[in-house]
Every structure is written in structure tokens, then in C-alpha cells.
Amino acid sequence: MAHLRSRRTRAIALPAGLALTASLGFLPAGAATAAPADDTPAAVSTNGPKLSYVVNVDGGRAAVAKVKRAVAKAGGTVVIAYDRIGVVVVHSQNPDFAKQIRTVKGVASAGATRTNPLVPQRDNAIEAEQPLTAAQAKAAAAKATDEQDPLEPLQWDLPAIKADKAHQRSLGSSKVTVAVLDSGVDDTHPDIAPNFDRRASANCVSGVPVTENDAWRPAADESDHGMHVAGTIAAAKNGFGVTGVAPGVKVSSLKVANPDGFFYTEAVLCGFVWAADHGADVTNNSYYVDPWLYNCKNDEDQKALVETLARATRYAERKGVVNVAAAGNSRADLAADQVTDTTSPNDTTPVSRVVNPRECPDIPAMLPGVVTVSATGAKGLKSSYSNYGNGVVDITAPGGDSTALQPPEAPATSGLILSTTFRGGHTWNYKAGTSMASPHVAGVVALIKSKHPKLSAAGVKALLYAQADDRACTNPYDINGDGTVDAVCEGGKGKNGFYGAGMADALDAVRW
């Protein structure tokens, strides 16, 4: 299986030419690595590459203020300080900035968010995708019932989670918002516009939220990944195009991918905090945080990135947000003692390393409290590419697979997931990946929140897992029928490594 775009958005070419994306991660916060000092050296170098850093501070606002002063003395410039969670985003050209700031009293950890200098080399490649042809659209519309949007007959994924039956009872509440942390959303698309929440949208790429000039939209040459995700969650049921899992809820765009397709820590941090502070009930996270596929606690930079986002996701959950994330497309057993990572760092020169995912997690999906989603195909089996892991995967949902491996029942014709795009106008295309599974779960969470608006994040997650349809392990798992076992599922019918608590259930979400 060939890889596209160095997996920076987890794009993988399947036999049918799919586009895939995903995510994972957690590790405990670490202490500073040197004896605390009250200040940093007065003389610092400023001739290094300009990098971005996160500095995690313990001790409240007073400690943050003191650390900000120390940042300046260490040759750094504060970009923004998220005082409420004790995280400061910094730019510096001091090659020893992180080492020096870690010695400051009150600094719990600090690290560079990238290995490539700011403004990395441009790459306009777009993930492999399959456009919906005019003939396919016409044929689908001819088969749509009066209750269906024209392209809904092609959406085999909706009945797979009983969303079609759920819509007969409820479309979800317009008081519920799902924040899409991704590459941006074009809110002028007719399937998106009726449900778009402008007030809750922003561009977070720099780590600082920007709302002017519709900054949350993707540029013409950027990825439509976020657009596809948004349509799966909340495409309006309006007699046009496709239908979302929760077509009555709101969706917002938090653009956290830069023009080159990298999801850096400061951007994702901004996205979680902005979502929490602007009324989001759910976040969808169909990516992993660059540049490290796995973030190891024995590396001071990687440890700091995990701590930053653990603080951000905890903050969001305390404010009632349910964070949903894709499990990844590497076919990896995330409960194994070791996996091989050959893609990190993906913004400079990758090296091969063997890591323990429990000690070197992929973030944000393995962060505590985050709902980790694996993918299934049209036959209900784990998708050929999907990561798995007993005790890691929480739930499963349709993410699509090669049509040759898991063909759908008619009238659907593709084993991929159909959703919105801005390519070629206000149109639709097919993609597949755990990136496409995660928004199905985010949509179901939005339906639960619509039914139970006062329920806490923990309560919503408890219902999500309790309502899921049990899915027993698939053993032996030989997805292509070549006689070789491709993965081993561990666990029982109610909880296992392939499907977690089972298949997300949209019908139970609106009737319990």
C-alpha cells in the first residue's frame, strides 16, 4: 500500500484509491529536567532557526506571568498565553531556548512543536479521492424516497448506524454545536450553510484565534478533508445532496491545519480552548498532531507536546465538551508492546524507531477521556487499514474500505464514504479512513447531547458506550482472503480491540 503526503494527514492509497486520515495519544506530565532556577542566562543566542515552542507552567497566573518574563530573557517572544491552563506559545531563534526555559521555576515542561523552521516548504499535494460523477448523482436521485436527500441512497454508512431511522424521530438540536478541528470548512456549501455556526469558528493555525474575513475556510489549493468531515456530521436534510448523521445540529470550523497540511500543537491547543470557550458540545479530531506519529516521554520536546494537549482536552471536557478522535490508519495494534514508526518527524527527515504506544502515544486520540474510534467497512468488518487495540479503541463506526474488499449493498456503489467537498464547486466526493469514522461518532454524540442537554461529558460518553451495538471479534481476520491472518482481535463481545464497545447507534441516541 503506497503512502501519500508522508502520512501527515494519514492519507493512504487503498486499492480503490481511497483517501484516509486519523489520530491517537497520552502520557503523564513530566517534571522539569534540571534544578529549578529563578531566572535564565542574560546572554542568549538568536542566530538559530525560528521555531515554535510550548511552555507548560505550574502554579497559576502569577507563575505564568513570571515565566513570560523569563521567556523574553531566554530569547523568546510570547505569541499567546493560555493562562487558564498554564500554557504559553513562544517563538524563538535561540537554539537552546527549550533547554534554558526548562530550568525556570514553575516550568513543568517545554518543547519545540516542530523540527522544521516556521513557514515550512510548500506542498500542494491533495489526498487521493474519488469524485462523485454526474451520472452517479442522477442515478442516486432517481432512487431516493421522499424522505431522503437526493444522494442519500449512496450513503450506506447511515443505515449502518441506524441514522436513517433516527432521523424519523429527531434530526438533533440546533442548540448543539460540533467543532471540526481540521483543514477548514467552506460554509457557503448548500449542505453546510444551514447548520454553520460562524460565532464558534476561527482560524487557529498560528496558535492565536483569528475570525476576520472568514479565516476558518480552506483556501482553494488546500485540503477538503475538514469539509468532508463536516458534511458527515451535519450536512442539512434539505432536499439537496447528502445527509449528515445529525442534520439538525450546528457545526463550526476550527482550522488547525496549515497550508502544507501539518497539524502542529499550538494550533490544536488553540482549537480545543476556543471550542471550550465558545459553546461547543463536541469536537471532532480526524488527524494526528505533527510532526511525531508517536510522542515519547523520554524526549523532552515530545513530552511537552503531550502535556500541552492533555491540559487542553481536560479543560474542554471540564466545560462539558466530548472530544472524539480517529484511531489511525496504520493497521497497528495500539495495545502491543511495540510498533515501528518510520514516519517521524514528518516535517524534516523521518527516522525508523521502535516504540511502545503506551509510553509513546499518538495524540490526541489516546489522551485520557478522548473517545477513540476505529473504522469499519460496508460489510461491518474492521477496515483493512484501521488501527485497533484492546483497551485503546472505545467504539467503532463506518469509515469505508476498498469496494473490492467490502462492497456495499445496492443502491450504494462505493465502499467509501460520500460527503461534501468544495472541489469543482459545491459538490461531493468519496473518502475513507478512521478520519471518516470519527465524525459518525461525533454526530451520534451530538444526537445524545440534543436529547440530554444538561448531561455532563462523562454522562454523554457513558450513554454512547452503553447504546453501542455489541460487535464480537472477527477472528480469523483475513480481510483479503489470501489465507494470511492480517490482525488478531482480543477481548469479548462487549468490549474488544477491533470494535471497542461496538458500533455507534444513532437510533438509541435519540430514543433513550
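**Exercise 1.** In this predicted model, find which residues Val444 is in contact with, leaving aside its neighbours within four places in sequence.

*Solution.* Step 1: set aside the residues within four places of Val444 in sequence. Step 2: list what remains, namely Ile161, Val245, Leu464, Ala504, Asp505, Ala506 and Ala509. Along with Val324 and Val441, Val444 touches the most other members of the largest nonpolar core, which has 65 residues. Helix α9 (residues 434–451) gives this core its largest share, nine residues. A separate, second core holds 40 residues, including Val89, Phe263, Tyr315 and Ala365.

**Exercise 2.** Locate the residues that the UniProt record annotates as "active site", and decide whether His225 and Ser435 are buried or exposed.

*Solution.* Step 1: the unreviewed UniProt entry puts this annotation on Asp182, His225 and Ser435. Step 2: these residues are spread over 254 residues of sequence but cluster in space, with a largest C-alpha distance of 10.3 Å. Step 3: His225 lies in helix α6 (residues 225–234), while Ser435 lies in helix α9. Step 4: His225 has 2% relative accessibility and therefore counts as buried. Ser435, at 0%, counts as buried too. The cut-off for buried is under 20%.

**Exercise 3.** Describe the protein as a whole: how many helices and strands are there, and what percentage of the residues is buried?

*Solution.* Step 1: the protein has 11 helices and 16 strands. Step 2: of its 512 residues, 60% are buried. The accessible surface is about 17,500 Å², and carbon and sulfur atoms account for 52% of that. Step 4: consider contacts between residues at least 6 apart in sequence; 76% of them join residues at least 24 apart.

Technical notes
Residues are numbered from 1 along each chain as its sequence is written. This is a predicted model: local features need pLDDT of at least 70, side-chain atom pairs count only at pLDDT 80 or more; totals for chains, interfaces and linings use all residues. Side-chain values use heavy atoms; hydrogens and water are left out. Helices (H or I, at least four residues) and strands (E, at least two) are DSSP runs, numbered from the N terminus. Buried means under 20% relative accessible area, exposed over 50%, partly exposed in between (1.4 Å probe, protein chains only). Contact means heavy atoms within 4.5 Å. Accessible areas come from the Shrake-Rupley method with a 1.4 Å probe; for residues, only the protein chains shown count as cover. A nonpolar core is a set of buried Ala, Val, Leu, Ile, Met, Phe, Trp, Tyr and Cys residues joined through side-chain atoms within 4.5 Å. UniProt positions are given in the numbering used here, feature names are shortened, and annotations may be inferred rather than shown by experiment.
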